Structures are given as C-alpha cells and as structure tokens.
Number of protein chains: 4
Amino acid sequence: MTSLSSPVSPSASAGPGQPEPSAELDALYRGFSDELLVPLWTEIGELMPRTPSPAARPHVWRWDRLFRLAERSGDLVPVGRGGERRAIALANPGLGGAPFATSTLWAAIQYLKPREDAPVHRHTQNAFRFVVEGEGVWTVVDGDPVAMRRGDLLLTPGWHFHGHHNQSDRPMAWLDGLDIPFVHHMGSAFFETGPDQVGDRSAPDRSRAERLWAHPGLRPVARPDPLPNSPIAAYRWEHTDAALDDQLALEREGHPGVVEPGHAAVRFSNPTTGGDVMPTLRAEMHRLAPGARTAARREVGSAVWQVFDGTGQVHVGERDWTVTRGDLVVVPSWAPLAIGTDSGLDLFRFSDSPIFERLHLDRVQVG
Amino acid sequence: MTSLSSPVSPSASAGPGQPEPSAELDALYRGFSDELLVPLWTEIGELMPRTPSPAARPHVWRWDRLFRLAERSGDLVPVGRGGERRAIALANPGLGGAPFATSTLWAAIQYLKPREDAPVHRHTQNAFRFVVEGEGVWTVVDGDPVAMRRGDLLLTPGWHFHGHHNQSDRPMAWLDGLDIPFVHHMGSAFFETGPDQVGDRSAPDRSRAERLWAHPGLRPVARPDPLPNSPIAAYRWEHTDAALDDQLALEREGHPGVVEPGHAAVRFSNPTTGGDVMPTLRAEMHRLAPGARTAARREVGSAVWQVFDGTGQVHVGERDWTVTRGDLVVVPSWAPLAIGTDSGLDLFRFSDSPIFERLHLDRVQVG
Amino acid sequence: MTSLSSPVSPSASAGPGQPEPSAELDALYRGFSDELLVPLWTEIGELMPRTPSPAARPHVWRWDRLFRLAERSGDLVPVGRGGERRAIALANPGLGGAPFATSTLWAAIQYLKPREDAPVHRHTQNAFRFVVEGEGVWTVVDGDPVAMRRGDLLLTPGWHFHGHHNQSDRPMAWLDGLDIPFVHHMGSAFFETGPDQVGDRSAPDRSRAERLWAHPGLRPVARPDPLPNSPIAAYRWEHTDAALDDQLALEREGHPGVVEPGHAAVRFSNPTTGGDVMPTLRAEMHRLAPGARTAARREVGSAVWQVFDGTGQVHVGERDWTVTRGDLVVVPSWAPLAIGTDSGLDLFRFSDSPIFERLHLDRVQVG
Amino acid sequence: MTSLSSPVSPSASAGPGQPEPSAELDALYRGFSDELLVPLWTEIGELMPRTPSPAARPHVWRWDRLFRLAERSGDLVPVGRGGERRAIALANPGLGGAPFATSTLWAAIQYLKPREDAPVHRHTQNAFRFVVEGEGVWTVVDGDPVAMRRGDLLLTPGWHFHGHHNQSDRPMAWLDGLDIPFVHHMGSAFFETGPDQVGDRSAPDRSRAERLWAHPGLRPVARPDPLPNSPIAAYRWEHTDAALDDQLALEREGHPGVVEPGHAAVRFSNPTTGGDVMPTLRAEMHRLAPGARTAARREVGSAVWQVFDGTGQVHVGERDWTVTRGDLVVVPSWAPLAIGTDSGLDLFRFSDSPIFERLHLDRVQVG
C-alpha cells in the first residue's frame, strides 16, 4: 500500500503501460499534484491487482503473552470514563501500527479486576465477547445482565448501551471482537456515554434475552418482525458443544452435516432472519476431530481464529504455526488457510464475511 | 355462499343497485346464462361484503368423541396403500360436508394401532402432527425417524416423503394439520407414493434433523442458505414448555415478553429465515396463566386451536364453549376470539396467516 | 369436486384402500356424520390427486358476444351505488355457475355509456383494466385521473379508492381482471364506498402516477421504499409495443431476449421491487411472430388470455380454438397450453402465479 | 487519522481516562509494541468519536482545469494495455495523496482521443460513466456497444468485461465513478484482461441492454429473476430530464413528488429489485428550480456531486463554493451539505449509501 500513501512520483517507473520519462511528463505530473489529482496508469497495479493483495498479513498472537500484558495493565491502568475499557488490541504488522487485526476487524483482550466496572456507553460499532477462560463478569446490555463463562459468545450489537462489571474476587479476561477498523474507514462511528457504573448489579444465570429467545426454533409471538441483530444475548457453550458433537456423531453414522471429513462447524445466527448475528460480523465455532485436516480454502474477507481447546497446526499463506489454547491467528483476505490436528481442536472464528455477501463481493476457493 | 353455487336467477331481487324486473331483463339474463356469464351487480353483496363473511363457521369438536370414533375406525378400517392414512377430518358445518376445518385448513385425528405402518408417500400439501397425548410412533421424513411424544410438533413440509410406524404395543392418536383445502382450491396438488412400509425402523430419541438444527441460534456451517421450510423436524415439548414459563416469569418480574397480561405465546419458526415453519401454515403454543383472559381479537385468516392442557372458556363470534384437553375449536376469518381460564390453559394453534402476510392481505383488530 | 360438496356416503365404494362394506362400517360412518367428521380414506383420490385436477375447465368466450350483451346491459341496467359496476363476468363451466373464470381469477367485460360515472369505492381485491378497444374513459385512482386507451393496462391495487367516468360521447368497454374468487375463498374481503361520482373530472393525457413513476429505471428520491403494488397507474401501449418489437428484432439479429423462437413477451412489473404489479396477479403481453408456435407448457396456477390483435390457434388441454381480437381463453392449473399463428398474434395474459411463487407451490413443465 | 498510522507513543498524553506517565507504564507500552499490540485507551478518541470524523475533507475540483490536464495527458500518455485507461483521479487532500475522492469513492476524468481504444478488461470494482459533455465514444460491455452522450449514465457493474472506443474525429472526456477505494480497503479486488481492442465496433444508437430493459415498468419474461446489478446499460438524458421536469410540474400543480420545495430528484435504479444500480453505488440526478435552496442535510457515507448544468452555491461543512458546469464537489461522511441557486441547477450525485443501508449503518439528519 506504500505508493498510495506516499507522494506521487510515477515518472521514475516506465513499466508496462507507462509513458516514457520526459520533461513534459514531469510537468504534467506536477500539474496533477498541484490540482490534487493522481493518474490511474501509475497506480493501477496497486489498485487493481489480479487477486486481492491486502495490506494485512497473516500473524499469530500467543494468549499467554497477551494475558501477562493484560495483567500488568491491570496493575497500572485504571478502567473508567475516558479510556472506557482496559482492552489491548492486536495490531497487524502490515497495517502501520494501527490497532487493527485486519483492515475491517478489531480483536483485543479485555481485562477486568475483581469488583471493577467498565463504564456504560454505546457506539455504532458492532461488538461481541468470546470467553476462552474464566468467569465472574456480567456484561449488562441495555440493562440486561448477561453472565460470561468459558465457551460463551456474548453479543453487543451496534448502538446498544453496555457496561461490564466483575462480581467476583478474581480478575477475568476475554476476547473482544468488533468492526472498529471498518467503521473507522467508513466514517460511520457514533459514540455516546451512559452511567459510569452498570445499573443492574444482579447476577442471574441466564439473561432476560436468553429467556425470551434462546429456545430452539421458538420465538415470542409478541416480537414477530425481523431484527437487524440477533436478540440472543449469549450463545452458551453447552449448546455449541452439543451441536458440534452431534455433527461428528452424524458423520460417524454416515449422514451429512459436517463441513468436510472430521470438521464440524456451527454458525451463530440471528433467529429472526437466519442470517449472521450482526450485519458486519460472522461468528462460528469449529471442531476438528483427532487426525483431521481441512482442505486449503481462501475466501474474500478477513478472519480471526482463536483456539478454544486442543492443539493443532495452522497454515496461512506462507506461514505455519502450532497453536494452543487462546492463541489468535489472523487470516487476511484471500490467504489460503488449512488447519490440522492430531489430538483434536476447537476453534472460534469471526470474520467480516457478511459485508461481502451483502454487497455481492464474496468469493470462495476450496482446494 | 348459496347464490354463487346456484343457478343465477337475479331478476327476482330488485334491491339497491339492481334494475327493475322486466321481460327485457329476463331475456338479457338468459343471454348471460347461455354464454356462461354472470353480472356483478346481482352478486356484489356476496362477493364484496363490507367485512369478511367466510362460509366456515365457528365450531368445537370434542377430543373424547373424536378419539372413540378413531378407536372404532381402528377396529374396522385397515391402514395401507390407497386409503393411505387412518385420519378423520373435521368437516366445518358451513362447508357443505367437505372435510375442511376452514376453507384453507385441514385438521384430523390420525390413529395407528400397535405395530402398524402408514405407507410412505409425498404430496405438495404441507403437513404437521401435534401430539396431545400418547407416544410410541415414529414418523419417518425423508428417511429420518422422528419420535412423537406428548407436546411435540412434528413437521412434514410439502414434497417430503413420509410414513409413520407404531413401534409400541399401544395405539396412538394425534392431530394432523395440513393445507389440503387451500391446495385443493388452488389446483396445486401433486402426489407420489413411496414404499408401503417405512424403511428405517430404528427408534432414536432424537431425529437427525434435530441433531443438526435444534440448537438455539446455531446452524450448521455446511447449510448456509435459507430454506423454504423449517429443517427442525420436531419441536420438543420440553423447549416449548420452558419458553412459555420463561415469558410468564419475565412478566412477573416486570419485563416485556408476553403477548398481553397473563398470556404467553411462542411461534414455531424456521431458523433459516425467522419466518413460519412452512409457507402456508403458522403454528404456535399459547399459555394462559390462571385467571387470565385475552382481549377480543379478530384477524384475516382462519385458525384451529387445540387445548393441550387445562380448562377454559372460548368465545368465537357469537359462540361460547368450555373446553378441556384435546378439544378443537375452529375460528373463521375475522371472527372475534377471546379466551379465558380460571385454572390455567395451554393451547396449540395453527393458522393460514403466512398466506395473507405474504400476499399483503393480512389485517388484525384487537379489542 | 362432487364428493366434497355432497353428503358423505363412502361405504358404497370399496375401491383400493377402502374397507369392505358392512353394517358396522355404516354405523361408523353415521357416527362421523353426526360429529361433523369425514374420513380421509374415502376422499383421498379427490383431495390428493397425482397431478392437479382443478374444477375449472378450459373455455373460450367470444368478444363480439360479450360486447353485444354488454351493450344490451347498457340499455337495461343503470350503473350506480349498490350494483357499483356494469360488469359481466365469465362463469367457468366447471365452477357451478359462480362468476369465476377460475377458482382464483375474475374476468369481466365492463361497459360505461357516454358521460356515465361508476361510483367511487375501494376493496381489498386487487384489480386492473386492460383495454382491447376504445377510449374516452378516465379511471380515477385515489384522486388521480388515468386515461384508458387501446392497449393500456391500468392498475387499481387493493384498498385504493377508484371510480370511472366516461368523458366522451361514445360508450366504452374493457376487460376487468381481479382476484375476487381467491379473496372470496380466503375470507379476506373488505369493502368501503366513496363518493357517488369521481371528484377530479379533468382528462389529462398522463396520470400523476405515470409522471412520477413511468420513466425507465428512474424513481423519485422522495419515495425510496419498496411498495407492495406497482405505483405505475398505467402501462401505455406505445411502450409495450416497442418492447415487444425490440425483442423480436434482437432475435433476428441473433441475440437473446425472446421466450422461445418467434415468441416475445414482457411482464408488467413493480419498479420498486422488480416483482409483479400486485401481490396476487401477474400481467404480461405476448407477441407471436407470423408462423410462430409455442412449446406446450403447463404450470401450476390458472390464467386468462385475451387476444389483443391478430388471429391464431389456441390449444388448452384437449380443446382447440381459433381466436381473434378480444376473445378470452381460460387456462386452468396444469392444463397444457400451446399457441400458434400464421399471421402474427398479440395476446394479453393475466394469472395468479405470484400466489404460488410466494408460497413455494409453483411448478412448470415445458414440452 | 495520524495516530493510527504512526508508532504508538501514548505515554505522552495523560488526558481523561489515561493513566499517569511512569517508568512502569513506559515498560508496559514497550511490551505492547514488542508484541504488536495497541491499547484502546490511548486511541479511543480517534477510533470512537462522538460523531463521524472521516479523514476525507470537503473539496472542489474545477472541470476546466481537469479537462486541460486530461488534454495534455492525451498528448503525452498513450492508452493501452498495462496502464489500461487514461483516467485522472481526484485525490482528497485528507487522504495522504492516494487517488481517492473519499475513503470509498473514486472519481476521475477519463479522456479518449479520436479513434482510440481503451483495452478490454474486467474487475470486481463497480463502475459507471457520467457524461457532462461530448459524444462519439461507445463503451462495450460484455460485447454490447453503448453510446455515450451528454447527460447519460452508463453502467459497468463488477466483473463485466468492458472497453471503450472513440468512433469520432474528436476527443471525448467523461466522469468515471467507481468503488475502488472501498474494494482496495476491503481486499476484494480481482482483475482480468480481455482483448486489446473492443470486438464489436458497431455504433448503434441504443444498446441491446436498453432494448431489452429500458421500457418503463416492463421486463422480459425470459429473465424473471432479480439481478444484483441493474441490467439497464444506459440511462438516457431524455428520460432523466423528463422525469425531473415532471416532478417540478407536479409541485407547481400542488402534488407531491419533489424532495423539498424546488428540489426534484430521481434515483437511477435496478428494475429487477427497485434498489440501487449497483450494490455499492448510488446514482442520482438532482434539479433545483431557480431560487431554490436545499435544507442542510448530513448523512453517514460520502458523496461526489458534479454540476451538469447551471450555476449555484454549495456549502459543505465549513466551506462554500460557487460551482458551474462540470465542477466536482466531494462531501465526506456526516458533513452538512446545502445547495442553492438563483438561475437553476442540475447536479449528478453518486455515493456509497447502499453499503451503509445494507449494513444497517445508515443515518440521516436534515435541517
């Protein structure tokens, strides 16, 4: 992406399709520069590559290091109004230091000490939390306290007020996923503060949203219309785990259901539309049986994977990593991805796929 | 509807908007008749009433009598190819003896003796079974055996092969709901036979469809597209019951969720769209808390209600009935309906509402 | 359909799948009758045929005879409040004298004498007018006067107030198409009267609706949302004619566009959705080049065709007719249809196809 | 946007919500940097502003200067394979020299000398041409030659092969609009070359696409399904002009239709869906009557306006310009826009609004 953010000096390179250097050409290019213009013919290779060439690069972040830095932040950085959250974001090495996992996705570890509150606010960015370990925090979404426990996916769709509070005597950390880089690029960010502390400090096992909506195939007659976001505030691990087990069992019995041999996967969905949980974000849980290996697959759009359990090998583009619980892998657009495991592997995945599908820009290549 | 199916003899009635009787008019009307024509002006009151005036009438059928006749049919009528099903349908008193609960809906009691098979077939009519009592039968839908138990809703969407077999030593009866009258009127019925006996005679607790699809808010990644019918073969009572309980508990705690005071209701839905279980049929379960009474409500489209549990009073149009377990009440289009109970009441409901909503012909009036 | 409207006496016929006659069976059937019940096994052949067997039959009505009877009605029958319209409907010979072209479609000739008004009303039935000859009448839809001329299709979607007035010194007749039989069967008819005369008696060449909406691919920014009905009040013959000519010219040049060789066709559409003009009715214009012959085609759902120009042969089911300007042919559900012409033929067609497509009950077989 | 692309040095700024500087904090921040992490609390003001603060700035480009530089490019820069197009793009002063009008939109002047060909290629970026003056070029889209004339909007949806050739003895210039910056950011660019010259060198007045699709409210029966892009290759000025005139005439007669007093506007639409012409781009034409002035309006998403005819005043954010034929104004996300004219003004507008609407991120504020 260098040429696009540098001053234009195209006359140096008379490659294919480029005019020969000359004084007249220099003058023309100075004219462009003076008028805030840039010719296509010097930039087209960058702007219109044969296949996607995203600035983001494949990378892995290790959970144990993230966690230690989060703990240390707990010692040094207060959480409260202004900074809002004790969250530490992955900064893709291809994105110039910006706190962006990819050009669309934000992934961060958030850390809350015992009895702390993260203050209430709302924003147009869509958000979720995924819990790789720990418990004891309730996220309160529009006044509804939602327990956070290992394996759960918690939603905070855009423009819903939310705060977190730790009810326990232990710190807790989790993964925050948002579309911050996308919304930042698009210029569609709105933000509003609420109270400094969450109002409802009760600690129910199930949120009110779950009690209304998390029954399989059932919806309240009082709310018949489609909703832009899933109303299921929390997707509980017990259900996700059971659904993955069922797929692998069906495969063993000779029936369809899995994505490919030894590879079960469920998508978290909006029960009022059947679509993704939020308009910009897809969330899925994948389970590889021991010995399974996925076909190489590339798709338009970027993704972040987090190991939930087990150990395995991840191949992204030219890179290979062995990953274990909590590790985070970033997969840029169109980078081939293959995953294998000897002993079994559970992975959480989130991506920006709904954006591409809604805009007819999606494309997938397998094998 | 008499005038529409009788020979036209309009000259007798010179009401508002009607021409005066005369010999010339008689000749004109004979000319119409000879040419297979009917004038609007003699029929408009029937064809274009101020508000819907359906031919179907409110009526109640008592489960105990249905069941006794079904048992007797078990003695006298074999089940097998040709007759296909030992099903006995409600014949609305306004519909001239046709086996139609309303002009769109079919409701029947089906009865299967120990070890019997209802042969495999498929048809474009959409079908479901609802179980008010008993167990021991598996309905096999496209080769997938689905257990039937009290409180369960089982789907057989159009053009899916299905047969039933009773694995137990006891007879079983249940409610069949279909869109037979609608499809009959519309001329869209196709039918095909399959094997005389169901192939897969296993008796699993959960169907394969449930194992893939009946996890709250989760769908298999391998099946990402919307489906015209719900893939959830069985909606189990334990989930329905819990969802209704949750709504009433939320109401007691001061939160929204119920339809109106003391009246919880869930709609069985297609998790791939959020819409109704099948394109022509809506299915819901309602629970009235002790002492509750619904507001009078009329809507375009007809419905059949079956008491699942408890006792209550049902008011439809000018009629009032006390109803108890298994009783079936037919509510014609635009007939006001109100239900009350002193001791609590659970009701299953199905209707043709999706037809009207998809065609922008729906209308509702409450109170 | 006889057995469905007659008293049930099934014991007479012990065909395949039927129990043997006996006194016990007679008693059982009497029990059914007493309880308003009908067994499936005696009715299944009628209710669940292998392929659709609609009650409506293929038939042709001749425009010259319709027109003469309409003229005579003009002499004898006033138009005004109560009778509402001087419209004379096709009564399908299979539908027992009811004024229904098919079980869903209404087709009538409407006749208005010089200077007459048909009073303002509205109803939930969807309606259109198609003009096979003449001019001079304005139909006023929600206060917007719409000129009627040969070849034009005029819309009056459900629940829009409308009246007609003849501004000329000559009578005018046209085809009315509605979904009256469908709405009648479904119990969804509402009706309301407006003024006895149309308010706006101006006679503009173009309606306001056309000025806003009848520009190709352009829509007013002030009205960005989808509408259930097309807002184009009138589809003018000059556009329809040009579009058909363009298709046949493209075919001659070797490019796609026609339905099949020598057969051009356009569908009137809702520019805010791309779908049909109204939720229950499809309208199309077809042009056969001289010597063209369509492939035999059957589809679920019924249609009415009116010859707009030329002469041809129509084959429906087992029937064959030579048809000419104004003649009306009724095609029941699933009846094979083939049309040919030596000299060229223009045909208007309307059908109930949108109902089937929205309910996933559509099916087509060609050849 | 500086902090996001600079190395993180947050310890310098202990603002609201920021921890006090300290050696420990420095060490923590070095740890973040080593691990490719960035804390939210130092970046939140940039990432989550109260209201959108896009990097793009309001700016105007003058057509006469663009045109002179394009002419000069015609002298010095050949058009052909490699550089592909003689197109010169607006480089927003807030976007660091990249050839982006806004962070999503590309706007360029393209220039073709007499008898030149721009070679055939295709790409996933959606494109259109708008002609502010001149004629003589045909753009050939998937083999279909489309004439370009003043006032016309020509579409080249993503992944359609296209080339241009100038059939005349005069040069021609026009506006190219694409979603290049969006697709670049999203990593979804694919590109493929076709022949070096367009194949079909005929010069028809109307394209085949127009002959099939540009009839008001009519669509070919042979193509019944929705299409992601409008199949109307060219929206001709005569239709656009007439539609705008009609709106202003309706306003003078007291009827609805205009956006606001004196302000007519049409949206170019996809006749198969009623939606925008392409999934990422909206295109509209606006006409202000003499003396008209629009209400200040801000909306999420960015736009480019080009004066088609007349003279007026444009206010964007804190900037004011007098604009005339061909001038281009860039309106960043959420910047208030007001336009006025004494003598009448026609403006073409394109924007990224469909992206926001499909993702439920749209927001509008008027007045």
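This is a predicted model: local features need pLDDT of at least 70, side-chain atom pairs count only at pLDDT 80 or more; totals for chains, interfaces and linings use all residues.
Colleague: How many residues does helix α4 of chain D have, and what span should they cover?

Modeller: Helix α4 of chain D runs over residues 63–76, and its 14 residues should span 20 Å at 1.5 Å a residue; the C-alpha atoms at its ends are 20 Å apart, which agrees.

Colleague: Which residues of α4(D) are buried?

Modeller: A residue counts as buried if 20 or more other C-beta atoms lie within 10 Å of its own. In α4(D) the buried residues are Trp63(D), Leu66(D), Leu69(D), Ala70(D) and Ser73(D). They cover an arc of only 130° around the axis, and therefore lie on the same side of α4(D). On the face turned away from that buried side, α4(D) carries the exposed residues Asp64(D) and Asp75(D).

Colleague: How should I read the contact between chain A and chain D, and how many residues does the contact take from chain A and from chain D?

Modeller: The size of an interface is often given as the accessible area lost when the parts come together. Here we have residue counts, and the contact takes 82 residues from chain A and 82 residues from chain D. On the side of chain A that touches chain D, the elements giving two or more residues are α1 (2–5), α2, β1, α3 (44–47), α4 (63–76), β3 (87–90), α5 (180–186) and α8 (353–358) of chain A. The residues of that side of chain A divide into 47 nonpolar, 25 polar and ten charged.

Colleague: What rotation superposes chain A on chain D?

Modeller: A rotation of 180°, with 0.0 Å of shift along its axis, superposes chain A on chain D with an RMSD of 0.0 Å. In chain A, the C-alpha nearest the axis is that of Arg358(A), which is 3.3 Å from the axis. The same surface serves both copies, since 100% of the contact residues of chain A recur in chain D.

Colleague: What relation holds between chain B and chain C?

Modeller: Chain B is superposed on chain C by a rotation of 180° with 0.0 Å of shift along its axis, and the RMSD is 0.0 Å. That is the relation of a two-fold axis. Of the residues of chain B, Arg358(B) comes closest to the rotation axis, at 3.3 Å for its C-alpha. The contact takes 82 residues from chain B and 82 residues from chain C.

Colleague: Which chains do not touch chain D or chain C?

Modeller: No contact joins chain A and chain C, whose closest C-alpha atoms lie 16 Å apart. Chain B and chain D do not touch either, and their nearest C-alpha atoms are 16 Å apart.

Colleague: What radius of gyration does chain A have?

Modeller: A compact globule of 367 residues would have a radius of gyration near 21 Å, and chain A has 23 Å, which agrees. The secondary structure of chain A comes to eight helices and 24 strands, and buried residues make up 58% of its 367 residues.

Colleague: Finally, where does His255(A) lie?

Modeller: His255(A) lies in the loop between α7 (237–252) and β15 (263–268) of chain A. With 15 other C-beta atoms within 10 Å, His255(A) is partly exposed. Leaving aside neighbours within four places in sequence, His255(A) is in contact with Leu250(A) and Arg208(B).

Note on methods:
Residues are numbered from 1 along each chain as its sequence is written. Chains are lettered from A and ligands numbered from 1 in the order in which they are written. Helices (H or I, at least four residues) and strands (E, at least two) are DSSP runs, numbered from the N terminus. The expected span of a helix is 1.5 Å times one less than its number of residues. A residue is buried if 20 or more other C-beta atoms lie within 10 Å of its own, exposed if 12 or fewer, and partly exposed in between; C-beta atoms are placed from the backbone. The arc is that of the directions from the helix axis to the C-beta atoms. Copies are superposed by least squares on the C-alpha atoms of residues with pLDDT of at least 70 in both. The radius of gyration is taken over C-alpha atoms; the globule rule is 2.2 Å times the number of residues to the power 0.38. Two residues are in contact if their C-beta atoms, placed from the backbone, lie within 7 Å. Ala, Val, Leu, Ile, Met, Phe, Trp, Tyr, Cys and Pro count as nonpolar, Asp, Glu, Lys and Arg as charged, and the others, Gly among them, as polar.
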